[in-house]
Amino acid sequence: MDPHFSCTACGKCCHGWLPLTLKDAVTHAGRFPLAMMWTPVRTNAKSYELATTLGATVRLPSRKMVAVLIMPTAYLPSSFPCPELQDDGLCGIHAEKPSRCRTMPFYPYREEKDQADLLIPRKGWQCDVSAAAPVVYRNHTILDRTDFDRERQELLDQAPVMRSYVEYVLKYMPWILNDLAAMAAKPTGGNLFTSLSSFLTATRRPDAAALAAAQAPLMQTMAERTRDDPALRDYHRNYAGWAKEMESLARRHTG
Amino acid sequence: MTPCPCGSGRSFDGCCGPILAGAPAPTAEALMRSRYTAFVRRDLDHVERTHAPEIRDDFNRGEAERVADEAEWQRLDVVRANEEGDAATVEFLIHFRRDGKDLRHHERATFRREGGEWFYVQGDVNPKGEPRRVVKVGRNEPCPCGSGKKFKTCCGAA
């Protein structure tokens with residue numbers, strides 16, 4: 001039976017990490033504390049070929065190859081709602097919300113034909129998958145593909161930038177290879193984060209100072225909001241450190 | 001006297017001090033030491049201006065400032081330094097504490113002299129030892145023992 005799906009605005013998916021296209025990350029740099037998320041994709045994964053196109057191919061110390069997706073990400077603990085999620089469960093920026101939110105529950109980092117399991121609501125989510133909801137996916141094809149195609153295209157457009165960033169990180173932070181290898185060895189995979197400052201430095205963006213100036217107060221606020229929760233210690237440390245980096249970057253190019 | 005943070009045993013004013021103030025480093029090792037001292041003293045301008053021009057834009061100044069702030073610098077060990085003309089390598093260990101952990105940074109750095117000034121060019125972190133070179137001698141090549149005979153009729157004779 002073809003899967004039905006409709007959003008009930010339960011807001012459950014509006015929490016935690018939100019991977020953004022580079023374009024969206026820049027547009028919303030005044031809203032989301034940003035970090036660069038690395039996700040290794042193993043050669044035996046269904047999405048490996050696609051990941052080599054959207055991301056970079058990296059040789060691990062074991063000489064095995066792995067694809068790595070680099071996603072500019074709204075870096076929020078899983079318990080934290082999106083800053084734009086309103087009390088009524090609706091999005092405060094619906095008309096201009098990021099591609100990632102529009103395309104949900106589909107995911108263009110995977111092949112179009114490999115989306116079926118994404119239509120099964122995750123634990124606690126209240127998506128409507130009853131017969132009352134419209135059919136959204138048939139014969140491994142997305143029926144309304146506007147948002148999926150747009151997000152995929154943005155990912156394809158930004159791929160060369162992400163590859164040059166990977167080169168930079170492997171040159172200056174080569175120890176990251178060991179972390180990638182450890183994650184790739186686990187069946188469940190994993191993610192790691194690098195700083196926005198490294199991305200801005202590597203890519204020589206002319207708007208680096210403006211982006212950093214927008215990020216600094218967000219990082220500062222998040223550092224304060226995560227200060228007293230021992231479970232969020234790593235988040236706190238990252239926010240506090242990145243706040244300093246963003247302040248420094250903002251000063252450097254404007255001073 | 002203020003002992004130099006680089007651990008040379010000399011005073012700061014007689015060691016890294018003048019280099020941080022802009023005097024050219026006499027050797028690549030002296031420059032490397034002064035760059036360590038610059039981190040200890042949070043003088044990141046010195047680190048930045050002693051990067052070779054081709055990597056200067058790659059320098060993540062914000063992150064370097066944060067590291068300089070957060071790390072508790074304990075010791076620098078220069079493992080070996082080789083200088084040949086205007087090129088040099090310096091291998092070193094930096095011992096420091098950060099986030100409550102004792103850490104060690106091991107690097108073999110390459111330096112280049114230009115216009116009488118040394119610059120940091122590149123670094124291999126956790127360098128491997130010098131690769132062992134194994135050369136296979138062809139049967140019909142001159143024997144490496146210097147006898148003048150072919151290898152197969154000399155040391156390579158079965």
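This passage walks through a predicted model of a complex, taking confidence, domains, helices and chain contacts in turn.

The predictor gives the complex an ipTM of 0.82 and a pTM of 0.88. Chain A has an average pLDDT of 95, with 99% of its residues scoring at least 70. For chain B the mean pLDDT is 91, and 96% of the residues reach 70 or more. Confidence can also be followed element by element. In chain B, H2(B) stands highest at a mean of 97, while H5(B) is lowest at 93.

Where the domains meet, 10 residues of domain 1 of chain A are in contact with 16 residues of domain 2 of chain A. On the domain 1 side, helix H6 (residues 196-203) of chain A gives the most, with three residues.

A:Arg204 counts as exposed because 10 other C-beta atoms lie within 10 Å of its own, and the limit for an exposed residue is 12 or fewer.

Further along, helix H8 of chain A contains A:Ala250. Is A:Ala250 buried or exposed? It has 20 C-beta neighbours inside 10 Å, and 20 or more is what a buried residue requires, so A:Ala250 counts as buried. Its surroundings bring together parts of the chain that are separated in sequence: A:Ala250 and A:Ala210 are 40 residues apart in sequence, yet 6.6 Å apart in space, C-alpha to C-alpha. Leaving aside residues up to four places away in sequence, A:Ala250 touches A:Ala209, A:Ala212, A:Ala213 and A:Ala216.

Helix H4 of chain A spans residues 146-172, 27 residues in total. From its first C-alpha to its last, H4 of chain A reaches 39 Å, close to the 39 Å expected at 1.5 Å a residue. Where does H4(A) bend? The bend, of about 45°, is at A:Ala159, and a proline, A:Pro160, follows within four residues. The buried residues of H4(A) are A:Glu151, A:Arg152, A:Leu155, A:Met162, A:Tyr165, A:Val166 and A:Val169. In general, an α-helix has 3.6 residues a turn, so residues three or four places apart point the same way.

In the loop between helix H3 (99-103) and strand S5 (137-138) of chain A lies A:Pro105. A cis peptide bond joins this proline to A:Met104, with omega at about 5°. The loop between S5 and strand S6 (141-142) of chain A holds A:Asn139. Phi of A:Asn139 is near 50°, a positive value in a residue other than glycine. A:Asn139 counts as exposed, because it has 7 C-beta neighbours inside 10 Å, against a limit of 12 or fewer.

In chain B, helix H2 covers residues 28-40. The 13 residues of this helix should span 18 Å at 1.5 Å a residue, and its end C-alpha atoms are 19 Å apart, which agrees. H2(B) is mostly covered, with 12 of its 13 residues buried. Among them are charged side chains such as B:Glu29, B:Arg33 and B:Arg35, along with B:Leu31, B:Tyr36 and B:Phe39. Just after H2(B), B:Arg42 takes a positive phi of about 55°.

Finally, the two chains come together in a contact that takes 17 residues from chain A and 11 residues from chain B. Helix H5 (residues 61-70) of chain B gives the most to the side of chain B that touches chain A, with six residues. By class, the residues on that side of chain B divide into eight charged, two polar and one nonpolar.

How values were computed: Residues are numbered from 1 along each chain as its sequence is written. Chains are lettered from A and ligands numbered from 1 in the order in which they are written. This is a predicted model: local features need pLDDT of at least 70, side-chain atom pairs count only at pLDDT 80 or more; totals for chains, interfaces and linings use all residues. Helices (H or I, at least four residues) and strands (E, at least two) are DSSP runs, numbered from the N terminus. The expected span of a helix is 1.5 Å times one less than its number of residues. The bend at a residue is the angle between axes fitted to the seven residues ending there and the seven starting there. Two residues are in contact if their C-beta atoms, placed from the backbone, lie within 7 Å. pLDDT is the predictor's confidence in each residue, from 0 to 100.
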